[in-house]
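Thanks for coming. I will take one model today and go through it part by part. Please have a look at it before I start.

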Amino acid sequence: MGSGIAQVASQCGHEVVLCDTNAVQLEKAKSGLAKTLEKLVEKQKIGADESKQIQTRIQYSSSVNDFEKCDLIIEAIIENLEIKKTVFSQLESIVSEVCILATNTSSLSVASIASACKNPQRVIGIHFFNPAPLMPLVEIIPAVQTSEATVKTARDLVDSWKKVTVLTKDTPGFIVNRVARPFYGEALRIYEEGMADFATIDWAMTELGGFKMGPFTLMDYIGNDVNYAVTESVFASFYFDPRYKPSLTQKRHAEAGWYGRKTGRGYYDYSAGAVLPEPLKDESLGTEILNRILVMLINEAADAVFLQIASVKDVDMAMTKGVNYPKGLLTWANEIGLDNVLKQLDELYNEYHEDRYRASVLLRRLAKAGKGF
Ligand SMILES: NC(=O)c1ccc[n+]([C@@H]2O[C@H](COP(=O)([O-])OP(=O)(O)OC[C@H]3O[C@@H](n4cnc5c(N)ncnc54)[C@H](O)[C@@H]3O)[C@@H](O)[C@H]2O)c1
(Lines give C-alpha, C1' and ligand atoms only; values in the text may rest on other atoms or scores of the structure.)
Protein backbone atom coordinates (compact mmCIF):
# COMPACT_ATOMS: atom_id res chain seq x y z
CA MET A 1 0.00 0.00 0.00
CA GLY A 2 2.82 2.38 0.89
CA SER A 3 4.41 2.26 -2.56
CA GLY A 4 1.01 2.83 -4.24
CA ILE A 5 0.38 5.88 -2.06
CA ALA A 6 3.91 7.19 -2.82
CA GLN A 7 3.14 6.82 -6.55
CA VAL A 8 -0.09 8.82 -6.19
CA ALA A 9 1.66 11.68 -4.35
CA SER A 10 4.61 11.77 -6.75
CA GLN A 11 2.32 11.72 -9.81
CA CYS A 12 0.67 14.81 -8.30
CA GLY A 13 4.01 16.62 -8.20
CA HIS A 14 5.10 16.14 -4.58
CA GLU A 15 8.59 15.32 -3.39
CA VAL A 16 8.16 11.98 -1.60
CA VAL A 17 10.25 10.05 0.90
CA LEU A 18 9.34 6.36 0.82
CA CYS A 19 10.66 4.66 3.94
CA ASP A 20 10.70 0.96 4.77
CA THR A 21 12.90 -0.70 7.37
CA ASN A 22 13.14 -3.73 5.09
CA ALA A 23 15.64 -3.11 2.26
CA VAL A 24 14.19 -5.91 0.12
CA GLN A 25 10.75 -4.29 0.27
CA LEU A 26 12.25 -0.91 -0.66
CA GLU A 27 13.93 -2.40 -3.71
CA LYS A 28 10.67 -4.17 -4.64
CA ALA A 29 8.79 -0.86 -4.37
CA LYS A 30 11.34 0.86 -6.62
CA SER A 31 11.39 -1.80 -9.34
CA GLY A 32 7.60 -2.24 -9.08
CA LEU A 33 7.02 1.46 -9.71
CA ALA A 34 9.44 1.45 -12.66
CA LYS A 35 7.48 -1.44 -14.24
CA THR A 36 4.10 0.20 -13.62
CA LEU A 37 5.27 3.48 -15.16
CA GLU A 38 6.82 1.67 -18.14
CA LYS A 39 3.40 0.16 -18.87
CA LEU A 40 1.76 3.59 -18.57
CA VAL A 41 4.28 4.99 -21.07
CA GLU A 42 3.64 2.06 -23.47
CA LYS A 43 -0.10 2.74 -23.26
CA GLN A 44 0.68 6.44 -23.89
CA LYS A 45 -1.03 7.45 -20.64
CA ILE A 46 2.08 9.39 -19.62
CA GLY A 47 5.20 10.56 -21.45
CA ALA A 48 8.71 9.14 -20.90
CA ASP A 49 9.80 12.45 -19.32
CA GLU A 50 6.93 12.41 -16.87
CA SER A 51 7.72 8.81 -15.94
CA LYS A 52 11.30 9.85 -15.17
CA GLN A 53 10.18 12.82 -13.10
CA ILE A 54 7.75 10.71 -11.08
CA GLN A 55 10.58 8.31 -10.26
CA THR A 56 13.15 10.96 -9.40
CA ARG A 57 10.72 12.76 -7.07
CA ILE A 58 10.71 9.66 -4.82
CA GLN A 59 13.60 9.26 -2.41
CA TYR A 60 13.91 5.69 -1.08
CA SER A 61 15.06 5.53 2.51
CA SER A 62 15.44 3.07 5.36
CA SER A 63 15.60 5.75 8.03
CA VAL A 64 12.66 7.71 9.45
CA ASN A 65 15.10 10.58 10.04
CA ASP A 66 14.68 11.42 6.34
CA PHE A 67 11.12 12.55 7.11
CA GLU A 68 12.48 15.66 8.84
CA LYS A 69 11.32 18.13 6.16
CA CYS A 70 7.97 16.49 5.34
CA ASP A 71 4.65 18.30 5.74
CA LEU A 72 2.60 15.09 5.72
CA ILE A 73 3.47 11.51 6.59
CA ILE A 74 1.15 8.65 5.64
CA GLU A 75 2.03 5.57 7.65
CA ALA A 76 1.27 2.22 5.96
CA ILE A 77 3.26 -0.28 8.02
CA ILE A 78 2.19 -3.56 9.59
CA GLU A 79 -1.35 -3.56 11.11
CA ASN A 80 -0.23 -3.71 14.73
CA LEU A 81 -1.34 -1.07 17.23
CA GLU A 82 1.70 -1.17 19.51
CA ILE A 83 4.16 -0.92 16.59
CA LYS A 84 2.18 1.93 15.01
CA LYS A 85 2.10 3.82 18.34
CA THR A 86 5.86 3.47 18.75
CA VAL A 87 6.45 4.73 15.20
CA PHE A 88 4.09 7.71 15.65
CA SER A 89 5.81 8.75 18.85
CA GLN A 90 9.19 8.46 17.13
CA LEU A 91 7.99 10.45 14.09
CA GLU A 92 6.77 13.29 16.28
CA SER A 93 10.31 13.79 17.60
CA ILE A 94 11.67 14.12 14.04
CA VAL A 95 9.19 16.26 12.10
CA SER A 96 8.24 19.93 12.38
CA GLU A 97 5.35 21.09 14.59
CA VAL A 98 3.05 21.59 11.62
CA CYS A 99 3.59 18.20 9.99
CA ILE A 100 0.39 16.11 9.75
CA LEU A 101 0.73 12.48 10.82
CA ALA A 102 -1.71 10.17 9.04
CA THR A 103 -2.36 6.46 9.24
CA ASN A 104 -3.63 4.20 6.47
CA THR A 105 -4.91 1.65 8.99
CA SER A 106 -7.88 -0.46 7.86
CA SER A 107 -9.04 -1.58 11.27
CA LEU A 108 -7.29 0.10 14.17
CA SER A 109 -8.59 3.02 16.20
CA VAL A 110 -7.12 6.33 15.03
CA ALA A 111 -7.72 7.74 18.54
CA SER A 112 -5.54 5.02 19.97
CA ILE A 113 -2.71 5.72 17.51
CA ALA A 114 -3.04 9.49 18.14
CA SER A 115 -2.78 8.93 21.89
CA ALA A 116 0.90 8.04 21.38
CA CYS A 117 1.62 11.63 20.31
CA LYS A 118 2.20 14.76 22.39
CA ASN A 119 0.13 16.66 19.84
CA PRO A 120 -2.67 14.26 18.90
CA GLN A 121 -4.56 17.07 17.09
CA ARG A 122 -2.24 16.57 14.11
CA VAL A 123 -3.09 12.85 13.74
CA ILE A 124 -5.73 11.62 11.26
CA GLY A 125 -6.73 8.51 9.29
CA ILE A 126 -6.25 8.70 5.51
CA HIS A 127 -7.45 5.32 4.28
CA PHE A 128 -6.71 4.35 0.67
CA PHE A 129 -8.09 1.33 -1.18
CA ASN A 130 -5.98 -1.23 -2.95
CA PRO A 131 -4.46 -0.54 -5.49
CA ALA A 132 -4.10 3.08 -4.35
CA PRO A 133 -3.22 4.56 -7.78
CA LEU A 134 -6.36 3.02 -9.34
CA MET A 135 -9.04 3.13 -6.65
CA PRO A 136 -10.56 6.62 -6.42
CA LEU A 137 -11.89 6.42 -2.85
CA VAL A 138 -10.08 7.70 0.22
CA GLU A 139 -11.74 7.66 3.65
CA ILE A 140 -10.78 10.64 5.85
CA ILE A 141 -11.01 9.67 9.51
CA PRO A 142 -10.60 12.30 12.22
CA ALA A 143 -9.96 10.85 15.67
CA VAL A 144 -11.73 12.48 18.61
CA GLN A 145 -8.48 14.40 19.22
CA THR A 146 -7.97 15.61 15.60
CA SER A 147 -8.24 19.37 14.99
CA GLU A 148 -10.55 20.88 12.36
CA ALA A 149 -7.49 22.42 10.69
CA THR A 150 -5.86 18.99 10.30
CA VAL A 151 -9.05 17.58 8.75
CA LYS A 152 -9.33 20.48 6.31
CA THR A 153 -5.68 20.44 5.23
CA ALA A 154 -5.62 16.64 4.82
CA ARG A 155 -8.90 16.48 2.93
CA ASP A 156 -8.10 19.42 0.64
CA LEU A 157 -4.75 17.86 -0.20
CA VAL A 158 -6.16 14.41 -1.03
CA ASP A 159 -8.97 16.06 -3.04
CA SER A 160 -6.29 17.86 -5.04
CA TRP A 161 -4.88 14.40 -5.92
CA LYS A 162 -8.16 13.82 -7.83
CA LYS A 163 -9.32 11.26 -5.30
CA VAL A 164 -12.88 11.03 -4.02
CA THR A 165 -12.79 11.69 -0.28
CA VAL A 166 -15.48 10.77 2.21
CA LEU A 167 -15.56 11.78 5.86
CA THR A 168 -16.14 9.02 8.39
CA LYS A 169 -16.17 8.57 12.15
CA ASP A 170 -13.37 6.64 13.82
CA THR A 171 -15.41 3.43 14.31
CA PRO A 172 -14.62 -0.20 13.36
CA GLY A 173 -14.39 -0.73 9.59
CA PHE A 174 -15.00 3.00 8.95
CA ILE A 175 -17.56 3.09 6.07
CA VAL A 176 -16.61 0.51 3.47
CA ASN A 177 -15.37 -2.32 5.67
CA ARG A 178 -18.42 -1.95 7.90
CA VAL A 179 -21.20 -1.54 5.32
CA ALA A 180 -19.85 -4.33 3.08
CA ARG A 181 -19.92 -7.03 5.79
CA PRO A 182 -23.30 -8.56 4.78
CA PHE A 183 -22.09 -8.97 1.18
CA TYR A 184 -19.91 -11.77 2.55
CA GLY A 185 -21.75 -12.74 5.73
CA GLU A 186 -25.25 -13.11 4.28
CA ALA A 187 -23.92 -14.95 1.20
CA LEU A 188 -22.14 -17.42 3.51
CA ARG A 189 -25.31 -17.82 5.58
CA ILE A 190 -27.38 -18.53 2.46
CA TYR A 191 -24.84 -21.19 1.48
CA GLU A 192 -24.79 -22.71 4.98
CA GLU A 193 -28.57 -23.04 4.95
CA GLY A 194 -28.32 -25.03 1.72
CA MET A 195 -30.35 -22.48 -0.22
CA ALA A 196 -27.76 -22.35 -3.04
CA ASP A 197 -24.15 -23.20 -3.86
CA PHE A 198 -21.28 -20.71 -4.28
CA ALA A 199 -21.62 -20.44 -8.06
CA THR A 200 -25.37 -19.80 -7.92
CA ILE A 201 -25.02 -17.11 -5.25
CA ASP A 202 -22.23 -15.43 -7.29
CA TRP A 203 -24.38 -15.66 -10.43
CA ALA A 204 -27.36 -14.03 -8.66
CA MET A 205 -25.25 -11.11 -7.43
CA THR A 206 -23.47 -10.45 -10.74
CA GLU A 207 -26.11 -11.30 -13.34
CA LEU A 208 -29.21 -10.13 -11.49
CA GLY A 209 -27.65 -7.57 -9.13
CA GLY A 210 -25.05 -6.03 -11.44
CA PHE A 211 -22.16 -6.44 -8.95
CA LYS A 212 -18.76 -6.78 -10.69
CA MET A 213 -17.87 -9.89 -8.67
CA GLY A 214 -19.96 -12.33 -6.67
CA PRO A 215 -19.21 -12.65 -2.93
CA PHE A 216 -17.34 -15.97 -3.17
CA THR A 217 -15.23 -14.90 -6.15
CA LEU A 218 -14.45 -11.68 -4.28
CA MET A 219 -13.55 -13.45 -1.01
CA ASP A 220 -11.25 -15.75 -2.99
CA TYR A 221 -9.69 -12.66 -4.54
CA ILE A 222 -9.22 -10.81 -1.23
CA GLY A 223 -8.08 -14.00 0.51
CA ASN A 224 -10.21 -15.91 3.02
CA ASP A 225 -7.50 -15.45 5.66
CA VAL A 226 -7.62 -11.65 5.30
CA ASN A 227 -11.40 -11.38 4.88
CA TYR A 228 -12.05 -13.68 7.85
CA ALA A 229 -9.63 -11.70 10.04
CA VAL A 230 -11.39 -8.42 9.17
CA THR A 231 -14.81 -9.97 9.96
CA GLU A 232 -13.58 -11.32 13.28
CA SER A 233 -12.00 -7.98 14.21
CA VAL A 234 -15.14 -5.99 13.28
CA PHE A 235 -17.30 -8.48 15.26
CA ALA A 236 -15.12 -8.16 18.38
CA SER A 237 -14.84 -4.37 18.02
CA PHE A 238 -18.64 -4.07 17.98
CA TYR A 239 -18.85 -5.93 21.29
CA PHE A 240 -20.02 -9.09 19.53
CA ASP A 241 -23.11 -7.61 17.89
CA PRO A 242 -24.70 -10.69 16.17
CA ARG A 243 -25.07 -8.65 12.98
CA TYR A 244 -21.34 -9.05 12.34
CA LYS A 245 -20.99 -12.70 13.40
CA PRO A 246 -18.29 -14.47 11.36
CA SER A 247 -19.01 -17.69 9.48
CA LEU A 248 -17.68 -21.13 10.34
CA THR A 249 -17.62 -21.98 6.63
CA GLN A 250 -15.14 -19.19 6.00
CA LYS A 251 -13.17 -20.06 9.13
CA ARG A 252 -12.76 -23.67 7.95
CA HIS A 253 -11.66 -22.49 4.49
CA ALA A 254 -9.05 -20.25 6.11
CA GLU A 255 -7.93 -23.04 8.47
CA ALA A 256 -7.58 -25.43 5.54
CA GLY A 257 -5.28 -22.96 3.81
CA TRP A 258 -7.95 -22.47 1.12
CA TYR A 259 -7.32 -18.74 1.00
CA GLY A 260 -8.43 -18.31 -2.61
CA ARG A 261 -6.55 -17.37 -5.76
CA LYS A 262 -3.22 -16.91 -3.96
CA THR A 263 -3.18 -20.55 -2.80
CA GLY A 264 -4.87 -21.98 -5.89
CA ARG A 265 -7.88 -23.08 -3.90
CA GLY A 266 -10.63 -21.22 -2.09
CA TYR A 267 -14.36 -21.61 -2.56
CA TYR A 268 -13.34 -22.46 -6.11
CA ASP A 269 -10.48 -24.50 -7.51
CA TYR A 270 -7.97 -22.35 -9.44
CA SER A 271 -5.51 -25.10 -10.31
CA ALA A 272 -4.56 -25.58 -13.95
CA GLY A 273 -7.27 -27.40 -15.86
CA ALA A 274 -9.87 -27.04 -13.11
CA VAL A 275 -13.38 -26.33 -14.37
CA LEU A 276 -15.46 -23.74 -12.52
CA PRO A 277 -18.86 -25.07 -11.39
CA GLU A 278 -21.95 -23.99 -13.31
CA PRO A 279 -24.57 -21.96 -11.45
CA LEU A 280 -28.20 -22.99 -11.31
CA LYS A 281 -29.65 -20.18 -13.40
CA ASP A 282 -33.01 -20.11 -11.67
CA GLU A 283 -34.26 -16.49 -11.77
CA SER A 284 -36.72 -16.88 -8.95
CA LEU A 285 -34.10 -18.38 -6.60
CA GLY A 286 -31.54 -15.82 -7.81
CA THR A 287 -33.89 -12.91 -7.06
CA GLU A 288 -34.52 -14.27 -3.57
CA ILE A 289 -30.75 -14.46 -2.95
CA LEU A 290 -30.08 -10.99 -4.36
CA ASN A 291 -32.89 -9.39 -2.35
CA ARG A 292 -31.80 -10.99 0.91
CA ILE A 293 -28.20 -9.80 0.58
CA LEU A 294 -29.23 -6.40 -0.77
CA VAL A 295 -31.66 -5.56 2.07
CA MET A 296 -28.98 -6.55 4.59
CA LEU A 297 -26.49 -4.23 2.87
CA ILE A 298 -29.03 -1.39 2.77
CA ASN A 299 -29.76 -1.95 6.47
CA GLU A 300 -26.07 -1.64 7.30
CA ALA A 301 -25.77 1.53 5.19
CA ALA A 302 -28.88 2.99 6.90
CA ASP A 303 -27.47 2.28 10.33
CA ALA A 304 -24.16 3.93 9.43
CA VAL A 305 -26.15 7.09 8.64
CA PHE A 306 -28.35 6.68 11.74
CA LEU A 307 -25.28 6.42 13.97
CA GLN A 308 -23.69 9.48 12.27
CA ILE A 309 -20.75 7.47 10.93
CA ALA A 310 -21.11 9.28 7.60
CA SER A 311 -23.62 11.20 5.49
CA VAL A 312 -26.03 9.59 2.99
CA LYS A 313 -23.98 11.04 0.15
CA ASP A 314 -20.67 9.78 1.54
CA VAL A 315 -21.99 6.28 2.31
CA ASP A 316 -23.23 5.93 -1.28
CA MET A 317 -20.02 7.40 -2.67
CA ALA A 318 -17.87 5.09 -0.56
CA MET A 319 -19.53 1.90 -1.79
CA THR A 320 -19.49 2.89 -5.46
CA LYS A 321 -15.95 4.34 -5.53
CA GLY A 322 -14.27 2.07 -2.95
CA VAL A 323 -15.70 -1.34 -3.83
CA ASN A 324 -17.34 -0.69 -7.22
CA TYR A 325 -20.96 -1.38 -6.20
CA PRO A 326 -23.23 -0.83 -9.20
CA LYS A 327 -25.28 1.75 -7.30
CA GLY A 328 -25.19 3.57 -3.98
CA LEU A 329 -27.05 1.40 -1.47
CA LEU A 330 -29.25 4.23 -0.17
CA THR A 331 -30.11 5.39 -3.70
CA TRP A 332 -30.97 1.75 -4.42
CA ALA A 333 -33.19 1.69 -1.32
CA ASN A 334 -35.06 4.78 -2.54
CA GLU A 335 -35.68 3.06 -5.87
CA ILE A 336 -36.95 -0.17 -4.31
CA GLY A 337 -38.99 1.75 -1.74
CA LEU A 338 -38.07 1.88 1.93
CA ASP A 339 -41.32 0.18 2.98
CA ASN A 340 -40.43 -2.72 0.69
CA VAL A 341 -36.89 -3.02 2.15
CA LEU A 342 -38.27 -2.86 5.69
CA LYS A 343 -40.92 -5.49 4.92
CA GLN A 344 -38.27 -7.94 3.72
CA LEU A 345 -36.08 -7.33 6.77
CA ASP A 346 -39.00 -7.73 9.15
CA GLU A 347 -39.97 -10.99 7.45
CA LEU A 348 -36.44 -12.30 8.00
CA TYR A 349 -36.47 -11.11 11.61
CA ASN A 350 -39.87 -12.68 12.32
CA GLU A 351 -38.80 -15.96 10.80
CA TYR A 352 -35.36 -16.24 12.42
CA HIS A 353 -35.86 -14.31 15.66
CA GLU A 354 -32.21 -13.30 15.38
CA ASP A 355 -30.86 -9.85 16.14
CA ARG A 356 -28.84 -10.15 12.95
CA TYR A 357 -31.99 -9.20 11.01
CA ARG A 358 -33.14 -6.26 13.15
CA ALA A 359 -33.99 -3.30 10.96
CA SER A 360 -32.26 0.04 11.46
CA VAL A 361 -34.40 2.52 13.38
CA LEU A 362 -33.71 5.13 10.71
CA LEU A 363 -35.06 2.84 8.00
CA ARG A 364 -38.20 2.20 10.07
CA ARG A 365 -38.73 5.91 10.80
CA LEU A 366 -38.29 6.99 7.19
CA ALA A 367 -40.48 4.18 5.85
CA LYS A 368 -43.21 5.10 8.33
CA ALA A 369 -43.06 8.73 7.25
CA GLY A 370 -43.18 7.69 3.58
CA LYS A 371 -39.80 9.33 2.99
CA GLY A 372 -36.58 8.26 1.26
CA PHE A 373 -32.92 8.81 2.13
N1 LIG B 1 -3.42 -4.35 1.63
C2 LIG B 1 -4.55 -3.68 1.54
O3 LIG B 1 -5.42 -4.01 0.74
C4 LIG B 1 -4.76 -2.48 2.42
C5 LIG B 1 -5.80 -1.58 2.08
C6 LIG B 1 -5.99 -0.43 2.86
C7 LIG B 1 -5.20 -0.23 3.98
N8 LIG B 1 -4.22 -1.13 4.30
C9 LIG B 1 -3.41 -0.85 5.50
O10 LIG B 1 -2.13 -0.41 5.09
C11 LIG B 1 -1.14 -0.85 6.02
C12 LIG B 1 -0.10 -1.68 5.30
O13 LIG B 1 -0.72 -2.77 4.67
P14 LIG B 1 0.02 -3.61 3.51
O15 LIG B 1 -0.95 -4.60 3.03
O16 LIG B 1 0.67 -2.67 2.56
O17 LIG B 1 1.13 -4.34 4.40
P18 LIG B 1 2.53 -4.98 3.92
O19 LIG B 1 2.89 -5.95 5.00
O20 LIG B 1 2.48 -5.42 2.53
O21 LIG B 1 3.55 -3.73 3.99
C22 LIG B 1 3.95 -3.15 5.20
C23 LIG B 1 5.37 -2.65 5.01
O24 LIG B 1 5.74 -1.94 6.19
C25 LIG B 1 7.10 -2.20 6.45
N26 LIG B 1 7.34 -1.91 7.87
C27 LIG B 1 6.98 -2.64 8.93
N28 LIG B 1 7.34 -2.01 10.06
C29 LIG B 1 7.94 -0.85 9.71
C30 LIG B 1 8.50 0.24 10.42
N31 LIG B 1 8.52 0.24 11.76
N32 LIG B 1 8.99 1.28 9.71
C33 LIG B 1 8.96 1.28 8.37
N34 LIG B 1 8.45 0.26 7.63
C35 LIG B 1 7.94 -0.78 8.30
C36 LIG B 1 7.29 -3.65 6.07
O37 LIG B 1 8.63 -3.93 5.77
C38 LIG B 1 6.41 -3.75 4.84
O39 LIG B 1 7.13 -3.52 3.63
C40 LIG B 1 -1.88 -1.58 7.12
O41 LIG B 1 -2.17 -0.69 8.17
C42 LIG B 1 -3.17 -2.02 6.42
O43 LIG B 1 -4.24 -2.19 7.31
C44 LIG B 1 -3.98 -2.24 3.54
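**Around the ligand**

The ligand has 18 residues around it, and those that come nearest are Met1, Asn22, Gln25, Ser106 and Asn130. A residue is near a molecule or strand here if its C-beta atom, placed from the backbone, lies within 6 Å of it. Sorted by class, this shell has 8 nonpolar, 8 polar and 2 charged residues. The classes count Ala, Val, Leu, Ile, Met, Phe, Trp, Tyr, Cys and Pro as nonpolar, Asp, Glu, Lys and Arg as charged, and the others, Gly among them, as polar.

Some housekeeping. Residues are numbered from 1 along each chain as its sequence is written. This is a predicted model: local features need pLDDT of at least 70, side-chain atom pairs count only at pLDDT 80 or more, and totals for chains, interfaces and linings use all residues.

**The sheet**

Next, the sheet. Helices (H or I, at least four residues) and strands (E, at least two) are DSSP runs, numbered from the N terminus. Two strands pair if DSSP finds at least two bridges between them.

In what order do the 5 strands of the open sheet run? The order is E3-E4-E5-E6-E7, with mixed pairing. Strand E3 (72-75) and strand E7 (164-167) stand at the edges; each has a single partner strand, so one side of each is left without a neighbour in the sheet. On average, neighbouring strands of this sheet are turned by 30 degrees against each other, direction ignored.

Between E3 and strand E4 (residues 100-103) the pairing is parallel, over 4 bridges. Ile73 stands opposite Leu101 in E4, and Glu75 has Thr103 of E4 as its bridge partner.

Helices pack on this sheet. Helix H4 (residues 81-92) touches E3, E4 and strand E5 (123-128), and its direction makes about 165 degrees with that of E4. Helix H14 (residues 312-322) touches strand E6 (137-142) and E7, at about 140 degrees to the direction of E7. For these angles, axes are lines fitted to C-alpha atoms, for helices over the stretch in contact, and angles run from 0 to 180 degrees between N-to-C directions. Contact is counted when the C-beta atoms of two residues, placed from the backbone, lie within 7 Å.

Back to E4. In a regular strand the side chains alternate between the two faces of the sheet. Is E4 covered on both faces or open on one, and what is the answer's basis? Both faces are covered: Ile100 and Ala102 on one side, and Leu101 and Thr103 on the other, are all buried. A residue is buried if 20 or more other C-beta atoms lie within 10 Å of its own, exposed if 12 or fewer, and partly exposed in between, with C-beta atoms placed from the backbone.

**Two domains**

The protein chain is divided into domain 1 (2-167) and domain 2 (178-368); these bounds come from an automatic or database domain assignment. Taken over C-alpha atoms, the domain centres are separated by 30 Å. Domain 1 puts 9 residues into the contact and domain 2 puts in 8. On the domain 1 side, E6 and E7 each supply at least two residues. E7 gives the most to that side, with 3 residues. By class, the residues of the domain 1 side divide into 7 nonpolar, 1 polar and 1 charged.

**A buried helix**

Why is helix H10 (residues 215-222) described as largely enclosed by the rest of the structure? Because 7 of its 8 residues are buried. They are Pro215, Phe216, Thr217, Leu218, Met219, Asp220 and Ile222. The cover over them includes helix H8 (181-192), helix H9 (198-208) and helix H11 (224-237). Just after H10, Gly223 takes a positive phi of about 110 degrees.

**Backbone details**

Most residues other than glycine have a negative phi, and most peptide bonds are trans. Asn130 and Pro131 are joined by a cis peptide bond, with omega about -5 degrees. Pro131 lies in the loop between E5 and E6, and Asn130 was among the residues that come nearest to the ligand.

Lys162 has a positive phi, near 60 degrees. Its place is in the loop between H6 and E7, and Lys162 counts as exposed because it has 10 C-beta neighbours inside 10 Å. His353 also has a positive phi, near 55 degrees. His353 is in the loop between helix H16 (338-352) and helix H17 (361-368); with 8 C-beta neighbours inside 10 Å, His353 counts as exposed.
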